[in-house]
Amino acid sequence: MSTRLTERVRRATAAVITVLATGCGYTERTPESVQVADTGVGALPYYGDATFTPSWFPAGEAPDDFHTISDFELLDQRGEAVTRSDLSGKIYVANFFFTDCAGICPLTMASLTRLREELADDLDVALVSHSVAPQRDDVDRLAAFADQIGAVAPEWYLLTGETDALYELGRDAFFADEDLGQTRSERDADRFLHSETFYLVDQDHHIRGVYNGMSRTAVNHLIEDIRQLQREHSSY
């Protein structure tokens with residue numbers, strides 16, 4: 001296995017050690033070991049299920065039926081509709097938060113602010129923050145929060161909408177509510193577990209990376225991987 005691919009595998013394995021949070025507390029969970037074939041293709045892996053086991057394909061050649069972020073229609077902090085098509089052709093970093101979270105969210109949103117500053121000249125890159133408390137986080141509240149953190153759409157969307165739509169997107173598209181083999185109680189079945197995880201989505205709506213948004217080193221790796229996706233996309 002090449003040195004470059006080995007480093008990618010190491011980072012992909014480390015990235016799936018996710019901290020899942022209920023409210024503002026959190027519990028650390030570690031998935032089973034990741035098995036990766038030495039294919040020699042694709043500088044960044046593709047992720048297609050809740051195990052976050054990396055799959056490797058030549059750039060731009062993932063199978064047609066490989067997992068992508070599903071279509072959606074939500075409202076941003078301006079009250080404007082945002083759909084999957086608005087992000088077509090863009091790289092974006094997604095996360096899940098709520099505005100009155102006093103635990104991990106201030107740290108993750110600070111990381112996104114830094115990321116936005118680092119990528120200020122990159123119009124092909126967006127940030128997409130989904131509220132997991134849409135009952136409270138209506139458009140007016142998101143607008144006020146956007147002013148507070150400097151989130152300006154369409155470079156940085158703060159999204160709200162129907163609870164079912166947001167939870168379905170988070171659970172089924174990003175696997176953001178999975179607790180890596182742990183069984184959730186019935187009492188928690190209608191609660192969405194937000195986390196510090198950032199998801200890197202490519203121009204074709206594939207998940208290409210997962211990162212700890214509270215780690216400066218992980219965010220540095222995320223920036224490198226965004227640059228890799230930009231180079232990758234320019235080659236096909």
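# Burial, packing and salt bridges in a predicted model

User: Is Cys-101 buried or exposed, and what is its relative accessible area?
Analyst: Buried means under 20% relative accessible area, exposed over 50% and partly exposed in between, with a 1.4 Å probe and protein chains only. Cys-101 falls in the buried class, because its relative accessible area is 6%.

User: What kind of model is this, and how are its residues numbered?
Analyst: The model is predicted: local features need pLDDT of at least 70, side-chain atom pairs count only at pLDDT 80 or more, and totals for chains, interfaces and linings use all residues. Side-chain values use heavy atoms, without hydrogens and water, and residues are numbered along each chain as its sequence is written, from 1.

User: How many disulfides are there?
Analyst: A disulfide is a covalent bond between the sulfur atoms of two cysteines. The rule applied here asks for a pair of cysteine sulfur atoms within 2.5 Å. Cys-105 is buried at 3% relative accessible area, but the number of disulfides by this rule is zero.

User: How many helices and strands does the protein chain have?
Analyst: Elements are DSSP runs numbered from the N terminus: helices are H or I over at least four residues, strands are E over at least two. By that rule the protein chain has five helices and 12 strands.

User: Where do the buried residues of α3 lie around its axis?
Analyst: Helix α3 spans residues 139-149 and buries Leu-142, Phe-145, Ala-146 and Ile-149. Viewed down the axis, these buried residues fall within an arc of 105 degrees, so they line one face of the helix; the arc is taken from the directions between the helix axis and the C-beta atoms. Asp-140, Asp-147 and Gln-148 are exposed on the other side of α3.

User: Which elements do the buried residues of α3 pack against?
Analyst: Contact here means heavy atoms within 4.5 Å. The buried residues of α3 pack against β7 (91-97), α2 (105-118) and β9 (156-159).

User: How many residues does the largest nonpolar core have?
Analyst: A nonpolar core is a set of buried Ala, Val, Leu, Ile, Met, Phe, Trp, Tyr and Cys residues joined through side-chain atoms within 4.5 Å. Phe-174 is among those with the most contacts inside the largest one; beyond its neighbours within four places in sequence, Phe-174 touches residues including Phe-52, Tyr-92 and His-130. The number of residues in this core is 58.

User: Which residue forms a salt bridge with Arg-78 at 2.6 Å?
Analyst: A salt bridge puts a side-chain nitrogen of Lys or Arg within 4 Å of a carboxyl oxygen of Asp or Glu. Arg-78 is partly exposed at 42% relative accessibility, and its salt bridge with Glu-80 is 3.3 Å, N to O. The partner at 2.6 Å is buried, at 0% relative accessibility: Asp-76.
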